[in-house]
Amino acid sequence: AEPLASAAILWVAVLFASAAAAPSYRAAAFKFALRSTSGVLAFFATRTLARTPAARSRVLLALVTGAIVSATTALVDALVPSSVEAWSFFREGSFDTLGLERASGVFAYPTIGAMYWEAAVPLLMVAPFCRPGSPSARDSKRGLAVVVGGSALLLWAILASATRSGLAGVAVSCGLFLWLGRRLGPSLSRPGRGVLAVLMASSSLALLAPDGSDSLLGQRLRWWDDGRWFRVEYASVGPAPGTVGS
């Protein structure tokens, strides 16, 4: 009877229907559907077990704490090259894109970590509102400082992973918080403004190297100028054939 639960069940049905209709790689498609179903089952388990406010607070705290701890490992991975041996317990090797090192910390791949950190940012922004009772002005300021500081750590980890989609997801979350703040009150929009300011400042610093030149990370972040990032040009020599044979 709950819309969110119905949407989760419908999502699983769509996954298996699309896997059954896949024209190729059907086994891999079913494997993806099964993996996604495990996440949906975790949703139902959490929905059942975390019904009390205290349980919901513990789950929220665990998710945010795990994100901050794992983000710290990614920053150590990026800033301390000699720590590479420590990460061999979690992944097979290091990652780079056209000479740009990508940090992942305890995750098997940088994009996997960035997805977690990106999803944890909105959880961090709502954390100050999950405490019972109306917070005082001092508590609100303290909560905002925790949100800004924690989000800065998560955003720097996303930048260290060089995952552009993670930054875009955080920007969308901030926009939603600003929109909700206009409807539900200014206290909800403050975390969105704070995290958005950290995102803009961090991205601006990453676009340029310390000497003012174009950094590899800056080139990576300029998605609208990928031609400069890949440094490749395609040219047609002579008339193009009408067909290509095997």
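Helix 3 and helix 4 cross in a left-handed way. Keep in mind that this is a predicted model, with a chain-average pLDDT of 83. Below is a quick tour of that crossing, then the aromatic rings, then the confidence scores.

**How the two helices meet**
- The axes of helix 3 (residues 53–79) and helix 4 come within 9 Å, with a crossing angle of roughly 135°.
- On the helix 3 side, the contact is made by Leu60, Ala62, Leu63, Val64, Gly66, Ala67, Ser70, Ala71 and Ala74.
- Helix 4 brings Tyr116, Trp117, Ala120, Leu123 and Leu124 to the contact.

**Aromatic rings**
- There are five aromatic pairs in the structure.
- One of them joins Phe107 to Trp117, edge-to-face, at 5.7 Å centre to centre and 85° between the planes.
- Phe107 sits in the loop between strand 2 (100–102) and helix 4 (110–126), while Trp117 belongs to helix 4, so their pairing ties together parts ten residues apart in sequence.
- Both Phe107 and Trp117 are buried.
- Tyr116 joins in too: ring pairs link Phe107, Tyr116 and Trp117 into a cluster.

- A pLDDT of at least 70 is reached by 87% of the residues.
- Confidence is highest in helix 1 (residues 3–20), at a mean of 95.
- Helix 9 (residues 226–230) is where confidence is lowest, with a mean of 66.

How values were computed:
Residues numbered from 1 in each chain as written. Predicted model: local features only at pLDDT ≥ 70, side-chain atom pairs only at ≥ 80, totals over all residues. Heavy atoms only, no water. pLDDT = per-residue confidence, 0-100. Helix = DSSP H or I, 4+ residues; strand = E, 2+ residues; numbered from the N terminus. Phe/Tyr/Trp six-rings, centres within 6.5 Å; stacked < 30°, edge-to-face > 60°. Buried < 20%, exposed > 50% of the residue type's maximum accessible area, 1.4 Å probe, protein only. Axes fitted to C-alpha atoms, helices over the stretch in contact; angles between N-to-C directions. Left-handed = near helix turned anticlockwise from the far one by under 90°. Contact = heavy atoms within 4.5 Å.
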